[in-house]
Amino acid sequence: RAKAQGRNTFGFYTAEMNQVSLEKLRLEHDLRQAVARNELVLFYQPQVNVSTGQVVGVEALLRWQHPQLGMVSPAKFIPLAEETGLIVPIGAWVLREACAQSQKWQAWGFPPLKMSVNLSALQFKKQNVVQLVQSVLQETGLPAHLLDLEFTESLVMENTEYIIQVLQSLRDLGVQLSVDDFGTGYSSLSYLKRFPVNTVKIDRSFVQSVHHVREDAVLTRAIIALARSMNLKTVAEGVETIEQLNFLMQHNCDEVQGFYFSKPLPVFELEQLMHRQTHFEIASFEPLPQTA
Ligand code: C2E
Ligand code: MG
Ligand code: MG
Ligand code: MG
């Protein structure tokens, strides 16, 4: 029966579809071995305090150096890692690696840098994420308050009560929590009140069009104002231009992250940057005229 079904399904495939699924199959096969073969690396993107220009943190972003294909974009392999469940062991590796790196920097006397790590919803479903975070903090010796865990709104969509409990347990460990890509999900703004989070990260898609799409400017301002009224910090991602930075400054966004300051960097380059400058020049930026 399996054979008949197999032939049947096979019949629907065009050569092109076959090509795509073969490629995916190969990528999946290779991804399974990527951790063991040391092909995964973390890049770090600085997060800059808007009022002081100080580099206050970095976000750890995963890169896959494939032996034949070169750098594979996270946009391509993260969804695959989620589909196959591989994101669970990979995510644990990311957390360990990022915390160990951060602790190393602290030991070297770097100024305190918050380390932001992305967590996939699957890590909450398939694993005791609280236990994982607790043991990684213990193993690496990283002070909990320097770790910031990013998750997206979609995580809280199902099993809201349970997830809020898990998030609360994470907060009890002393780590910080951020809602990533805020504004792209389907949850209402009022949901935010129920999450035990510290920070809201405004999605790149809004930031990038604050000067072309009126609705995005309005929404960005509303998100910042709402977050502030709830004593939450705001971080804008994907800041590429001085106009975007000025807009965010003018509307009291706390921190920014984006190509305007720096791309995500390999460890060594991030270290060079930190040796050269722990601050970016903000004072020279022309603030837009404030009304009243
Ligand atoms: P994200 O967490 O929202 O990360 C921000 C993305 O925006 C990163 O893409 C970063 O390189 C990019 N970015 C930052 N500044 C700019 C800018 O000024 N302009 C533009 N055009 N892009 C900018 P990246 O590194 O390709 O990662 C994509 C997504 O993959 C991440 O989005 C995150 O959702 C996921 N991801 C990356 N690393 C991990 C990880 O370790 N675990 C999990 N679960 N997901 C990860
Ligand atoms: Mg993120
Ligand atoms: Mg983000
Ligand atoms: Mg994003």
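Is Glu150 buried or exposed, and what is its relative accessible area? I looked this up first in the predicted model. Glu150 is buried, with a relative accessible area of 1%.

**Entry: Glu150 and its partner**

I then checked the side chain for charged partners. Glu150 and Lys201 form a salt bridge, 2.7 Å from N to O. Lys201 is likewise listed as buried, at a relative accessible area of 1%.

**Entry: other salt bridges**

I find 11 salt bridges in the structure. One of them joins Glu83 to Lys24, at 2.8 Å from N to O. Glu83 belongs to helix H3 (residues 74–84) and Lys24 to helix H2 (residues 15–34), 59 residues apart. Glu83 is exposed, with 56% relative accessible area, and Lys24 is partly exposed at 39%.

I also looked up Glu255, which pairs with Lys114; their closest N and O atoms are 2.9 Å apart. This pair links strand S9 with strand S4, across 141 residues of sequence. Glu255 is buried at 6% relative accessible area, and Lys114 is buried at 8%.

**Entry: the cavity**

I searched the whole structure and got 1 cavity of 30 Å³ or more.

**Entry: magnesium**

Which residues coordinate the magnesium ion (ligand 4)? I find Asp181 (OD) and Glu237 (OE), at 2.3 to 2.5 Å. Asp181 lies in strand S6 (residues 176–182) and Glu237 in strand S8 (residues 233–237), so the pair ties together parts 56 residues apart in sequence. Asp181 is partly exposed at 23% relative accessibility, whereas Glu237 is buried at 12%. The magnesium ion (ligand 2) is 5.9 Å from the magnesium ion (ligand 4).

**Entry: Ser262**

I placed Ser262 in the loop between strand S9 (255–257) and strand S10 (265–266). Ser262 counts as buried, at 7% relative accessibility. Setting aside neighbours within four places in sequence, I find Ser262 in contact with Gln45 and Pro46.

Key
Residues are numbered from 1 along each chain as its sequence is written. Chains are lettered from A and ligands numbered from 1 in the order in which they are written. This is a predicted model: local features need pLDDT of at least 70, side-chain atom pairs count only at pLDDT 80 or more; totals for chains, interfaces and linings use all residues. Side-chain values use heavy atoms; hydrogens and water are left out. Donors are N, O and S atoms within 2.8 Å of the metal (3.2 Å for Na, K and Ca); water is not among the atoms, so sites may look incomplete. Helices (H or I, at least four residues) and strands (E, at least two) are DSSP runs, numbered from the N terminus. Buried means under 20% relative accessible area, exposed over 50%, partly exposed in between (1.4 Å probe, protein chains only). Contact means heavy atoms within 4.5 Å. On a 1 Å grid over the protein atoms alone, a cavity is a set of points where a 1.4 Å probe fits but cannot get out, and a pocket is an open set with protein on both sides within 12 Å along at least five of seven lines; lining residues have an atom within 4 Å of a point. Grid points are joined across faces, edges and corners, and a volume is the space filled by probe spheres set on the points. A salt bridge is a side-chain nitrogen of Lys or Arg within 4 Å of a carboxyl oxygen of Asp or Glu.
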